[in-house]
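Visitor: I have a structure open and would like to learn how to read it. Where do we begin?

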Amino acid sequence: MSAEAVIQGGVHTDERHDSAHKHVTGQAEYIDDMMEPVGTLHAYLGLAELAHGEITKLDLADVAQAPGVVGVLSAKDIPGHNDVSPTGRHDDPVFAHTHVEFHGQPVFAVIAETRDAARRAATLAKVEYAKQHHVTDVAEAMQVDYPHVTEPLKLERGDVGTAMAGAPHRIKATQRVGGQDHFYLEGHIAFAFPGEDDEVTVYSSTQHPSEVQHLVAHVLAIRSNDVTVNVRRMGGAFGGKESQPALFAAVAALAAKRFGRAVKLRPDRDDDMIATGKRHDFLNTYEVGFDEEGRILAVDGIYAARCGFSADLSGPVTDRALFHADNAYFYPHVRLRSRPMKTNTVSNTAFRGFGGPQGLVTAERMIEEIAYHLGKDPLEIRKANFYADEGRDVTPYHQTVQDNILHQLVSELEESAEYASRRQAILEHNAANPVIKKGLALTPVKFGISFTATWFNQAGALVHIYNDGSIHLNHGGTEMGQGLFTKVAQVVADCFQVDLDKIKITGTTTGKVPNTSATAASSGTDLNGMAAANAADQIKARLIDFAAEKYSIPEDQVVFEPNTVRIGNERKSFEEFIKEAYMARVHLSAAGFYKTPEIHWDREAGKGRPFYYFAYGAAVSEVSVDTLTGEYHVDRVDILHDVGRSLNPALDKGQIEGGFVQGMGWLTTEELWWDAEGRLRTHAPSTYKIPLASDRPPIFNVNLAEWSKNREATIRRSKAVGEPPLMLAVSVLEALSMAVASVADYKICPRLDAPATPECVLMAVERLRGGA
């Protein structure tokens with residue numbers, strides 16, 4: 001074999017997503033595409049039409065008698081626990097029983113022969129309520145002393161009071177940071193099949209099959225080993241299918257067992273948006289003290305979130321907002337507090353970044369406050385406050401930043417994007433143009449990687465080699481379009497030194513890999529890749545022992561080469577070698593396992609090492625704003641992002657591009673709005689505006705920091721890429737801020753809230769022109 005021979009599809013190479021061709025041709029099978037067995041029933045949810053009140057009458061007679069209806073289910077029909085809380089707080093009912101706590105809360109389910117019949121019948125319910133006062137806004141929730149849905153967190157280091165009092169300059173203000181709907185292409189869906197005895201199989205569009213398994217068992221009063229949850233792929237998720245799918249799966253499973261027939265539940269887009277949680281919106285109050293050079297001396301912040309009616313994942317979400325309230329900046333003295341507020345709205349949930357973006361954006365607000373106050377370039381203030389060497393390397397949660405590459409990364413991007421010359425040109429343009437104003441901003445990202453719930457940082461995998469040399473791969477991660485399955489398959493191909501097409505990727509199922517963690521926290525590849533490598537290495541060790549013994553050679557003379565195995569001076573094809581091992585009764589299957597090392601977190605003390613490492617990135621965005629209308633365009637974006645030694649640069653760049661555009665939507669056009677009755681009014685694409693293809697920056701330069709290598713022993717020294725790129729879009733918000741600030745000669749911080757819709761931008765322009 002020549003020295004140049006390499007496998008096709010190994011790690012650190014561009015490989016297409018394993019289902020890319022199926023996505024674009026319509027061949028990719030999602031749950032709603034599955035062949036329905038004869039007798040399949042369809043479920044539909046009946047939703048509350050009041051934001052807060054007591055149910056005084058629930059008359060479902062007309063529903064039950066409607067054409068095609070087989071049955072109706074409500075809280076009284078649940079044999080187990082009427083609860084799908086992901087944290088075990090028992091505050092998240094499947095069906096509202098005596099009270100409703102948000103407009104759109106599920107009250108009952110209709111089971112019918114067709115989906116259309118179920119939907120029509122659901123409108124026939126007669127429900128009467130005793131109306132109670134409701135609160136939808138986080139500021140009002142604090143004002144009327146609504147409770148927290150979970151325990152708040154405080155992070156503190158140093159002496160904030162003394163440092164703030166002694167600061168030459170102090171600024172105190174608030175920032176509203178909006179929520180965001182996940183708007184996955186494939187909505188929520190569950191398809192349940194009854195089995196023998198207590199058994200039930202559920203196909204669920206979920207990021208967390210094991211949690212769905214556990215909660216379905218919880219609702220049905222059966223054991224987890226009676227429930228099998230399968231998912232081959234999701235049509236997007238973004239965190240919205242971490243905890244939320246359990247309700248749909250539980251209803252489908254309950255109906256399937258009750259009526260002895262397969263049951264599918266798929267809400268329409270409006271009901272999906274009304275009844276499921278979103279990114280938490282925040283009201284952040286901050287005070288920052290700083291010196292004449294713009295160096296931050298002290299920060300005191302309160303981060304209040306609209307959590308909704310139940311805890312869901314609001315505890316860890318608001319915790320992570322504090323973990324990223326520093327972004328890339330060292331705060332010598334700091335106190336950060338969360339306020340996870342209850343409101344009479346749908347319970348908010350995980351969304352890409354998991355609270356981190358809502359904390360990070362306020363860090364950037366403080367930077368621009370300082371810059372406009374001192375008359376400096378915000379980038380100068382950013383660089384002055386970056387984490388640095390000993391003495392300026394400890395986070396508010398007392399973790400030492402040991403892998404800081406921001407100085408090099410930002411310097412490289414600043415030069416390649418020609419930041420200085422472009423900023424000067426924009427200053428000159430703005431001075432000469434009274435209407436169209438431009439803005440330019442370079443913002444960094446430092447994002448911690450790991451679940452802050454330490455026990456979730458584990459994964460399992462199952463690898464089989466069949467006696468023809470083909471390989472079967474299964475693991476606990478889920479595929480939602482991000483390319484996880486492809487990356488993990490590349491790892492296994494690299495372990496055995498075989499071409500990627502020899503690896504059969506199979507759907508996630510609780511029947512093969514138990515106790516899986518959610519595919520979330522950007523840890524899917526880190527965890528499942530390592531677990532798969534562990535399984536492969538177990539099999540390799542057995543194969544090496546076998547060959548060394550059979551051929552009487554040292555183990556180091558058994559070498560896996562591209563599609564062959566060298567045994568001393570002899571080479572055999574991989575398939576031939578595997579056949580020999582099989583005939584010699586070598587075990588060709590292994591269950592792999594991995595748990596992230598070195599991480600720990602003491603929430604009560606607010607100290608620890610919750611993150612295994614940090615991922616870094618930076619973006620430069622340029623915008624043009626029409627100051628007469630508030631309309632704007634993103635003209636150019638340059639990104640340099642750190643993914644360590646990329647397992648698949650093509651997939652990683654796709655994640656960076658998609659994450660940036662999604663973040664841009666969150667900060668500019670995606671506005672959630674509830675009316676005075678507590679009804680979500682932005683529940684369809686007609687009223688809720690995600691970015692269009694035409695909103696993509698016409699100049700969009702995305703590059704990887706190819707020199708980066710993870711200092712920690714991650715899978716092939718790569719880094720996570722799912723969440724961090726979303727926060728690069730803060731550069732768009734900051735660029736808009738510069739354009740608005742130009743109307744007052746850059747002397748006033750515009751204090752743009754998010755989303756900075758054209759209306760918001762126009763009002764900010766008018767406010768600054770008025771001297772406010």
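Predicted model: local features only at pLDDT ≥ 70, side-chain atom pairs only at ≥ 80, totals over all residues.

Visitor: At roughly what angle do the axes of α6 and α7 cross?

Guide: They cross at roughly 45 degrees. The axes of α6 (residues 209–220) and α7 (residues 245–259) come within 9 Å. Angles under 35 degrees count as roughly parallel, and 65 to 115 as roughly perpendicular. So α6 and α7 are oblique to each other. Their crossing is right-handed.

Visitor: Now α10 and α18. Are they roughly parallel or roughly antiparallel?

Guide: Take the angle before the word. Helix α10 (residues 356–374) and helix α18 (residues 730–741) have axes that cross at roughly 30 degrees and come within 11 Å. That makes α10 roughly parallel to α18. The crossing of α10 and α18 is right-handed.

Visitor: Which residues of α10 and α18 meet?

Guide: From α10 come Leu360, Val361, Glu364, Arg365, Glu368 and Tyr372. From α18 come Val730, Leu733, Glu734, Ser737, Met738 and Ala741. By class, the contact of α10 with α18 divides into 7 nonpolar, 1 polar and 4 charged residues.

Visitor: Helix α17 also packs with α18. How far apart are their axes?

Guide: The axes are 8 Å apart. Helix α17 (residues 649–668) packs with α18 at about 45 degrees. The two helices are therefore oblique to each other. On the α17 side, Phe660, Met664, Leu667 and Thr668 make the contact. On the α18 side, Val730, Ser731, Val732, Leu733 and Leu736 do. The residues of this contact are 7 nonpolar, 2 polar and no charged.

Visitor: Is Lys438 buried or exposed?

Guide: The cut-off for buried is under 20% relative accessible area. Lys438 has 18%, so Lys438 is buried.

Visitor: Which residues is Lys438 in contact with, beyond four places in sequence?

Guide: Ile426, His429, Asn430, Glu622, Val623, Ser624, Asp635, Met738 and Ala739. With Ser624 there is also a polar contact of 2.8 Å, side chain to side chain.

Visitor: And His169? Where does it lie?

Guide: His169 is in strand β8 (residues 169–177). With a relative accessible area of 16%, His169 is buried.

Visitor: How far apart are the C-alpha atoms of His169 and Phe290?

Guide: They are separated by 5.3 Å. Along the chain, these two residues are 121 residues apart. Leaving aside neighbours within four places in sequence, His169 is in contact with Val288, Gly289, Phe290, Asp291, Glu292, His373 and Leu374. The side chains of His169 and Glu292 make a polar contact of 3.0 Å.

Visitor: Which element holds Tyr551?

Guide: Tyr551 lies in helix α15 (residues 524–551). Its relative accessible area is 24%, so Tyr551 is partly exposed.

Visitor: How far apart in space are Tyr551 and Val24?

Guide: They are 50 Å apart, C-alpha to C-alpha, and 527 residues apart in sequence. Beyond four places in sequence, Tyr551 is in contact with Ile567, Glu570, Lys572 and Glu580. A polar contact of 3.4 Å joins the side chains of Tyr551 and Lys572.

Visitor: One more. Where is His134 found?

Guide: His134 is in the loop between β6 (126–131) and α4 (138–143). Its relative accessibility is 14%, so His134 counts as buried.

Visitor: Which backbone oxygen lies 2.9 Å from a polar atom of the His134 side chain?

Guide: The backbone oxygen of Ala676. Setting aside neighbours within four places in sequence, the contacts of His134 are Ala51, His52, Glu140, Tyr146, Asn344, Ala676, Glu677 and Gly678.

Conventions. Residues numbered from 1 in each chain as written. Heavy atoms only, no water. Buried < 20%, exposed > 50% of the residue type's maximum accessible area, 1.4 Å probe, protein only. Polar contact = N/O pair within 3.5 Å; in protein donor to acceptor, adjacent residues only side chain to side chain. Contact = heavy atoms within 4.5 Å. Axes fitted to C-alpha atoms, helices over the stretch in contact; angles between N-to-C directions. Helix = DSSP H or I, 4+ residues; strand = E, 2+ residues; numbered from the N terminus. Parallel < 35°, antiparallel > 145°, perpendicular 65-115°, else oblique. Left-handed = near helix turned anticlockwise from the far one by under 90°. Nonpolar A, V, L, I, M, F, W, Y, C, P; charged D, E, K, R; others polar.
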